[in-house]
Amino acid sequence: MKRILVAAFLGAALALGGCQTFSTISTAFHAVTGAKVTVQQVSVAATAFDGLKATGTNYLLRPRCSEADVPLCSKPEVAKAVIQAIDAGTLARNNLEAFVRDHPAELGTSGLYDALSVSISTLQGIFNAYGIKGGKS
Amino acid sequence: VNLTGLVTTAVALLQSLASVVPSNSTFVLKAIAFLEQLIPLAVKEVQDEIPVIKDLIAALAGKTDDATLLSRLSDLDAQVDAAYEAAKAKWADVLEEPST
């Protein structure tokens with residue numbers, strides 16, 4: 001239950017903060033430099049992605065704009081873009097986490113980390129372009 | 001309730017404790033979870049504290065072993081992934097449409 005709350009609060013943080021929070025995350029995320037990354041850095045990046053994924057999930061849970069006359073609804077073309085970006089990011093996140101799990105004595109490679117970074121930037125771009133702030137209803 | 005004061009005081013208190021708390025203690029994980037829950041309040045009430053909270057989480061994460069961090073991350077991934085897959089299923093018809 002606590003973990004659900006943590007995920008929910010992270011999503012809520014992104015929802016409340018909107019673009020500014022995305023920007024904050026992006027700044028922290030891209031502060032990582034060098035050819036190798038640590039487990040701590042992987043953890044921060046993956047947690048940031050999970051927060052964005054929770055925000056994207058909230059967008060997908062809204063009623064479709066064609067079916068409901070409500071202020072917050074989902075457009076099919078946007079939902080499709082969100083899903084494609086999240087799927088790509090999830091693959092990148094899983095690959096990065098799998099590497100650090102399978103190579104406990106080594107540092108993660110920046111290539112895998114960069115793939116997750118690109119996915120985070122893509123999702124941020126979609127959310128900013130369409131004003132998605134994570135509201136559920 | 002003065003939420004700004006509450007957030008600032010809680011962060012200052014944890015900053016003081018972070019330097020003396022033993023590595024890999026239960027307190028470290030509880031403190032990280034608390035700080036994550038504090039973020040929504042900070043975003044809303046006192047945004048200057050956000051980088052401080054981020055740095056504090058990073059400092060506490062440094063006191064946790066890699067296995068614990070990865071285990072915690074795996075649990076978070078599972079929760080987020082399950083919710084996403086359920087929401088994504090609603091859009092199956094849209095995903096089947098050819099891209100224009």
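Chain B of this predicted model has five helices and zero strands. Helices are DSSP runs of H or I with at least four residues, strands are E runs of at least two, and both are numbered from the N terminus. Along the sequence, the pattern of chain B reads α-α-α-α-α. Of its 100 residues, 39% are buried. Buried means under 20% relative accessible area, exposed means over 50%, and partly exposed lies in between (1.4 Å probe, protein chains only). The accessible surface of chain B is about 5300 Å² (Shrake-Rupley method, 1.4 Å probe; for residues, only the protein chains shown count as cover). Carbon and sulfur atoms hold 59% of that surface. Among contacts in chain B with a separation of 6 or more, 70% link residues 24 or more positions apart. Contact here means heavy atoms within 4.5 Å.

Residues are numbered from 1 along each chain as its sequence is written, and chains are lettered from A and ligands numbered from 1 in the order in which they are written. Local features need pLDDT of at least 70, side-chain atom pairs count only at pLDDT 80 or more, and totals for chains, interfaces and linings use all residues, while side-chain values use heavy atoms, with hydrogens and water left out.

The largest nonpolar core has 33 residues. Such a core is a set of buried Ala, Val, Leu, Ile, Met, Phe, Trp, Tyr and Cys residues joined through side-chain atoms within 4.5 Å. A:Leu60, A:Val82, A:Leu116, A:Leu123 and A:Phe127 touch the most other members. Both chains contribute: α2 (39-61), α3 (76-102) and α4 (110-130) of chain A and α4 (66-89) of chain B each supply at least two residues. The most come from α3(A), with 10 residues. Another core, of 16 residues, lies apart from it and includes B:Leu35, B:Leu38, B:Ile57 and B:Leu60.

Eight salt bridges occur over all chains. Each places a side-chain nitrogen of Lys or Arg within 4 Å of a carboxyl oxygen of Asp or Glu. A:Arg93 pairs with A:Asp50 (2.7 Å, N to O). A:Arg93 lies in α3 and A:Asp50 in α2 of chain A, so the bridge ties together parts 43 residues apart in sequence. Both residues are buried. A:Lys53 and B:Asp81 form another bridge, with their closest N and O atoms 2.6 Å apart. It joins two chains, because A:Lys53 sits in α2 of chain A and B:Asp81 in α4 of chain B. A:Lys53 is buried, at 0% relative accessibility. A:Arg64 and B:Asp93 also meet in a salt bridge (2.7 Å, N to O). A:Arg64 lies in the loop between α2 and α3 of chain A and B:Asp93 in α5 (residues 92-96) of chain B, so this pair joins two chains. Shared partners link A:Asp50, A:Lys53, A:Arg93, A:Glu97, A:Arg101, B:Asp77 and B:Asp81 into one network of salt bridges.

B:Lys88 lies in helix α4 of chain B. It counts as buried, at 19% relative accessibility. Its side chain makes a polar contact with the side chain of A:Asp87 (2.9 Å). A polar contact is a pair of N or O atoms within 3.5 Å; within protein, one must be able to donate a hydrogen and the other to accept it, and residues adjacent in sequence count only if both atoms are side-chain atoms.

One disulfide is present over all chains. The term denotes a pair of cysteine sulfur atoms within 2.5 Å. A:Cys65 and A:Cys73 form it, with their sulfur atoms 2.0 Å apart.
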